[in-house]
Amino acid sequence: MKDDPAGAPRTVPVQSATFTSQVNAEIRRAAATGIYDIRGGGAKRKVPHFDDLLFLGASISRYPLEGYREKCETSVTLGTRFAKNPIKLAIPVTIAGMSFGALSGPAKEALGRGATLAGTSTTTGDGGMTEEERGHSKTLVYQYLPSRYGMNPDDLRRADAIEIVVGQGAKPGGGGMLLGQKITDRVANMRNLPKGIDQRSACRHPDWTGPDDLEIKILELREITNWEKPIYIKIGGARPYFDTTLAVKAGADVVVLDGMQGGTAATQDVFIENVGQPILACIREAVRALEDLGMHREVQLIVSGGIRSGADVAKCMALGADAVAIGTAALIALGDNDPKWEAEYNALGTTAGAYDDWHEGRDPAGITTQDPDLMSRLDPIEGGRRLNNYLKVMTLEAQTIARACGKNHLHNLEPEDLCALTMEAAAMAKIPLAGTDWYPGKPGTSY
Amino acid sequence: MHIFDLEAQGLRALNTTLQAQKNDTNQTVWEVLNPKGSHAIAVGLDAPIEVNVRGSTGYYCAGMNKQATVHVHGSAGPGTAENMMSGTVIVEGDASQYAGATGNGGTLIIKGNASSRCGISMKGIDIIVHGNIGHMSAFMAQSGNLVVCGDAGDALGDSIYEARLFVRGSVKSLGADCIEKEMRPEHLNLLTDLLARGGCAAKASEFRRYGSARKLYNFNIDNAY
Ligand SMILES: Cc1cc2nc3c(=O)[nH]c(=O)nc-3n(C[C@H](O)[C@H](O)[C@H](O)COP(=O)(O)O)c2cc1C
């Protein structure tokens with residue numbers, strides 16, 4: 001509007017809700033560089049999540065247990081279906097697979113130390129098994145990925161379980177990325193690739209396609225390892241009902257289900273934010289698949305993607321999971337994105353909490369890097385202590401909730417202990433909307 | 001020589017027995033009868049033994065082999081010698097898809113033809129095929145050598161890294177970032193040795209060499225597919 005000589009009020013500038021300053025900045029960045037944005041971490045957009053569920057607690061019809069005094073068990077056994085040596089963990093919170101290469105050796109060691117103190121497992125990741133992790137992790141799950149970087153029968157045999165990675169929540173249908181900055185001699189050697197090149201791990205397995213092949217692949221892995229090790233199949237939150245069904249059909253002992261909030265070391269932002277379903281929408285579908293096959297609790301379900309607290313753990317278990325896995329939260333416990341490095345985050349053009357350029361290898365906290373100076377900032381013993389503390393707190397929190405719901409074991413939590421705060425969460429988790437006995441799609445209701 | 005009847009004694013017993021052989025075993029030669037296309041025959045071996053499989057095998061025969069020589073007197077199903085570390089695998093007949101996939105070392109010799117994705121993601125293995133190979137062979141091949149005395153199918157060496165490909169016959173098409181390269185004396189020497197190891201009569205001079213243009217090594221928008 002033109003200036004009004006009479007001094008009438010002017011329209012105020014209005015920012016578009018569609019073309020936000022962030023959107024516009026990304027358009028300008030794309031126009032200037034010609035390449036999509038690559039970053040680490042999980043989806044940053046807000047999606048229905050565990051915060052949209054609440055526990056009901058005890059009442060006249062539900063008898064609570066005394067906090068601290070009455071026993072509330074937390075252990076979980078994984079791999080009871082076919083493996084000779086199932087894994088027994090003291091707590092149902094495991095450390096998710098994070099690649100060596102993405103993470104430093106000391107970070108892997110810290111994860112191993114912390115998990116071992118807490119009585120749980122860690123998981124290797126793309127790029128193979130390191131001594132740091134095998135040496136410090138009492139229970140180590142060895143990932144079998146499309147890239148097969150570092151894969152060999154000796155490590156397969158010294159693993160405690162094998163996880164066949166079909167997909168990841170952050171990028172169902174996408175392979176891994178490790179950019180040249182992080183490809184040091186050691187990383188290059190382990191992966192059998194030239195130093196300094198941008199590595200793209202394959203998005204599909206090289207020697208099997210489909211569930212029938214997968215069944216035979218599992219037979220081979222079991223034959224190589226004397227049928228000792230539990231075999232997990234990890235899927236991204238794409239089609240959880242069907243993928244869980246097919247994983248069980250192929251012979252999985254354990255299904256690992258990772259929702260879209262799940263972290264990654266490096267992927268296109270467009271992939272992280274736009275592909276896959278939130279974990280909240282996936283758990284009940286996977287459980288339904290297991291129930292339809294008569295396999296719930298026989299094949300264990302581990303879920304992940306944005307798990308932060310004991311409340312999240314308890315909610316996952318109430319929805320039917322046997323255990324959870326954490327990636328991002330474990331890194332934060334070690335010191336990732338700690339405000340104490342704020343000046344350095346600022347120098348990288350970001351701020352504590354938002355730092356996600358993990359692929360660049362310049363992590364001030366020394367976790368997602370291969371730079372010797374930065375790496376040395378993480379003391380693996382102290383890191384392990386912190387992770388153990390955090391895992392303990394998560395467990396105590398989950399127990400607190402379970403006791404309030406009258407449960408003497410975390411795995412006795414059930415959907416009936418929950419209500420949903422939003423229609424979306426109610427529909428996705430198949431949990432009644434608070435104040436009602438209804439959720440969208442509830443059988444026997446018309447809408 | 002030890003004879004093992006797979007049909008009568010079962011896969012578990014076969015692999016347990018063969019895997020139990022140590023470096024100093026004196027039970028060095030094994031005959032496996034009645035394979036009848038079974039999967040995962042002689043997988044995870046780790047001793048310098050010789051295993052003769054009398055007939056055709058299913059998926060993943062000799063998977064993750066170390067040290068052993070596994071000789072299939074028939075044709076082999078998908079993923080033969082997958083992720084082999086060392087040793088030798090010989091297939092008298094044809095091999096199905098993904099032969100030698102992700103192999104880290106050792107030698108795979110296929111006397112007949114190999115199907116698609118031969119040498120996919122190979123990481124140091126040497127593969128010598130007397131006949132032809134199918135499409136998408138040497139996809140993302142990282143290192144090692146693939147020798148083909150016959151023809152290669154579509155998209156040979158797509159997204160290849162440092163593996164060397166030698167083809168005597170025609171190549172239907174090359175995959176992304178795979179180009180023909182000069183055959184220098186060191187390559188002729190290497191190939192002569194590979195042909196001898198593979199028991200091929202062909203001459204090194206009859207082959208062409210293919211490898212990576214290395215244009216996809218670091219992201220450049222102008223080279224993206
Ligand atoms: C740094 C980093 C590296 C990862 N590397 C792998 C990997 O190598 N293989 C894999 O299956 N998942 C990988 N993931 C995904 C985790 O296994 C897990 O699915 C995810 O982190 C769970 O979600 P959360 O981070 O919200 O806890 C990685 C995640 C992070 C944060």
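**Notebook: a predicted model with a ligand**

I sorted the shell around the ligand by class and got nine nonpolar, 14 polar and three charged residues. The model is predicted, and I keep that in mind for every entry here.

**Ligand**

I looked up which of the 26 residues around the ligand come nearest, and they are A:Gly97, A:Lys234, A:Asp258, A:Gly306 and A:Thr328.

Next I went through some polar atom pairs. A:Gly306 has a backbone N or O atom 2.6 Å from an oxygen atom of the ligand. A:Gly327 places a polar backbone atom 2.8 Å from a ligand oxygen atom. For A:Gln168 I looked at the side chain, where an N or O atom is 3.2 Å from a nitrogen atom of the ligand. I then checked how much of the ligand is covered: taken alone it exposes 600 Å², and the protein buries 98% of that.

**A:Asp155**

I found A:Asp155 in helix α4 of chain A, which runs over residues 153-158. Is A:Asp155 buried or exposed? Its relative accessibility is 10%, and the cut-off for buried is under 20%, so I wrote it down as buried. The side chain of A:Asp155 makes a polar contact with the side chain of A:Arg158, at 2.8 Å. Setting aside neighbours within four places in sequence, I listed A:Met129, A:Tyr142 and A:Gly150 as the residues in contact with A:Asp155.

**A:Ile431**

I located A:Ile431 in the segment after α15 (423-429) of chain A. A:Ile431 has a relative accessible area of 0%, so I counted it as buried. Which residues does A:Ile431 touch, not counting those up to four places away in sequence? I noted A:Leu53, A:Arg284, A:Leu319, A:Pro415, A:Leu418, A:Cys419, A:Ala420, A:Ala426 and A:Tyr439. I also took one distance, from A:Ile431 to A:Gly169: the two are 262 residues apart in sequence and 22 Å apart in space, C-alpha to C-alpha.

**Chain A as a whole**

I counted 15 helices and 16 strands in chain A. Along the principal axes, its C-alpha atoms fill a box of roughly 85 × 65 × 45 Å. I compared the radius of gyration with that of a compact globule: for 447 residues the globule would be near 22 Å, and chain A has 23 Å, which agrees.

Of the 447 residues, 56% count as buried. The accessible surface of chain A comes to about 18,300 Å², and carbon and sulfur atoms hold 55% of that. Last, I looked at contacts in chain A with a separation of 6 or more, and residues 24 or more positions apart account for 66% of them.

Technical notes. Residues numbered from 1 in each chain as written. Chains lettered and ligands numbered in written order. Predicted model: local features only at pLDDT ≥ 70, side-chain atom pairs only at ≥ 80, totals over all residues. Heavy atoms only, no water. Helix = DSSP H or I, 4+ residues; strand = E, 2+ residues; numbered from the N terminus. Buried < 20%, exposed > 50% of the residue type's maximum accessible area, 1.4 Å probe, protein only. Contact = heavy atoms within 4.5 Å. Near = heavy atom within 4 Å. Polar contact = N/O pair within 3.5 Å; in protein donor to acceptor, adjacent residues only side chain to side chain. Areas by Shrake-Rupley, 256 points an atom, 1.4 Å probe, with all protein chains shown as cover. Nonpolar A, V, L, I, M, F, W, Y, C, P; charged D, E, K, R; others polar. Rg over C-alpha atoms; globule rule 2.2 N^0.38 Å.
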